[in-house]
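Please consult the sequence and the structure as you read.

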Amino acid sequence: MMELSRKHLSISKSLTLAISAKAKEMKADGLDVIGFGVGEPDFPTPSFIIAAAKEALDSGKTRYTAAAGIKELREAVCRKLKSDHGLDYRQEEIIISNGAKHSLYNAFQAILNPGDQVIIQSPYWVSYPELVKMGGGKPVFVEASEQNDLKMKMADLEKAITASTKAILINSPSNPNGSVYNRAELERIAELAVEHDLYLVSDEVYEKLVYDGLEHISLASLGKEVQDRTILVNGVSKTFAMTGWRIGYAAGPEAVISVMSNLQSHATSNPNSIAQYASVAALTHPASDETVAKMVEQFAKRRDYMVEQLNLMAGLSCLKPGGAFYVMLNIQDLLAKKYQGQRIDGSIDFANLLLKAEKVAVVPGIAFGADHLIRLSYATSMDNIEKGLKRIESFVKEIV
Ligand SMILES: Cc1ncc(COP(=O)(O)O)c(C=O)c1O
């Protein structure tokens, strides 16, 4: 066979998708699988958003739009960033993409040159290292240990900065950790970025999913100097249960956004026109805040229950995450032990045996760079959570 792209041969397939594909297959075979693997809200997209999409279709909003997105949505994003974070952006500083993931892809393509390093906390969202590599950069990991609430220690972050560092990637609230950086930490991160002249890529897709009165602080809001070097990425997927609609956005310096727009104009053109109009409703409809608040209330209840139950099970422990909809379960005490004669050497063994024996799908932490952890999503009904946790309990009882 003729040689393939060396750059892209090094890109791994998403492990999270592999496990969920297996779980889906089992479900399709009629098996009663409980899925804790998914990274998407289980709620339906709110009806006022669907209505806006129907209206867009009926009024013929079915043509190409500007590659960087319709004016109405870019304006809605500007207003949102102003009212939520006090941030001033002009339309030229906003790009609408096919999901936040696409915005992140564009951002790394726009700012990286070969050999540039991007600092990422570990455990990390599966796509981050690959997105950086696709941009020609090198991911550099800083441990976010459970001892530090699954966040980076600021001293470790500082130590990781080299002459080749181009950007620091921050994801707060975080997938998979569920951790939320506080103001003091974000101020330190911003200070380091200014001192070392680095970009900040701030993935804020879970911003609305915070609990216990915690506050999400947008990095860019920490001062003009910080905003000028920040590429803020967000989207409608997680906040409004719109994962399938594929709308995300980025706000940043015009020079960066303009490279991102040029790239996008050749690679994909505009994101889906109907989904863009629906997203205007998501960001501006008077019922939005209340609808999101109701979902957050449900997530909080599920989180409390899940964390409490898991910590009662022998051999397992987890922290109580302040945001997003994931729990990181520590299985360290069960490693090197056996389930019905089969040895559990790492998170993949744990996840595979659990799926086979009890039909519960979880994501092995190795996908996020942490083999002693398992990620459970509580973006599923309380019934499923109750049932799934009982099965996990039966499973771990058999591990000796
Ligand atoms: C941290 C993080 N960023 C970005 C995304 C991508 O979201 P979108 O659906 O907007 O592409 C996800 C989705 O799983 C995520 O967990």
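Phe395 has 0% relative accessibility and therefore counts as buried, a term that denotes under 20% relative accessible area, with exposed meaning over 50% and partly exposed in between (1.4 Å probe, protein chains only). The model is predicted, so local features need pLDDT of at least 70 and side-chain atom pairs count only at pLDDT 80 or more, whereas totals for chains, interfaces and linings use all residues. Residues are numbered from 1 along each chain as its sequence is written, and side-chain values use heavy atoms, with hydrogens and water left out.

The structure holds 11 aromatic pairs. Rings of Phe, Tyr and Trp (its six-membered ring) pair if their centres lie within 6.5 Å; planes under 30 degrees apart count as stacked, over 60 as edge-to-face and the rest as tilted. Tyr206 and Tyr326 form an edge-to-face pair, because their ring centres are 5.7 Å apart and their planes stand at 80°. This pair links distant parts of the chain, 120 residues apart: Tyr206 lies in the loop between strand 6 (199-203) and helix 9 (224-227), and Tyr326 in strand 10 (residues 326-330). Helices (H or I, at least four residues) and strands (E, at least two) are DSSP runs, numbered from the N terminus. Tyr206 and Tyr326 are both buried.

Phe395 pairs with Phe350: the ring centres are 5.3 Å apart and the planes at 85°, so this pair is edge-to-face. It links Phe350 in helix 13 (residues 347-358) to Phe395 in helix 14 (residues 382-397), 45 residues apart. Phe350, at 1% relative accessibility, counts as buried.

Ring pairs also join Phe43, Tyr206, Tyr211, Phe299, Phe325, Tyr326 and Tyr378 into a cluster.
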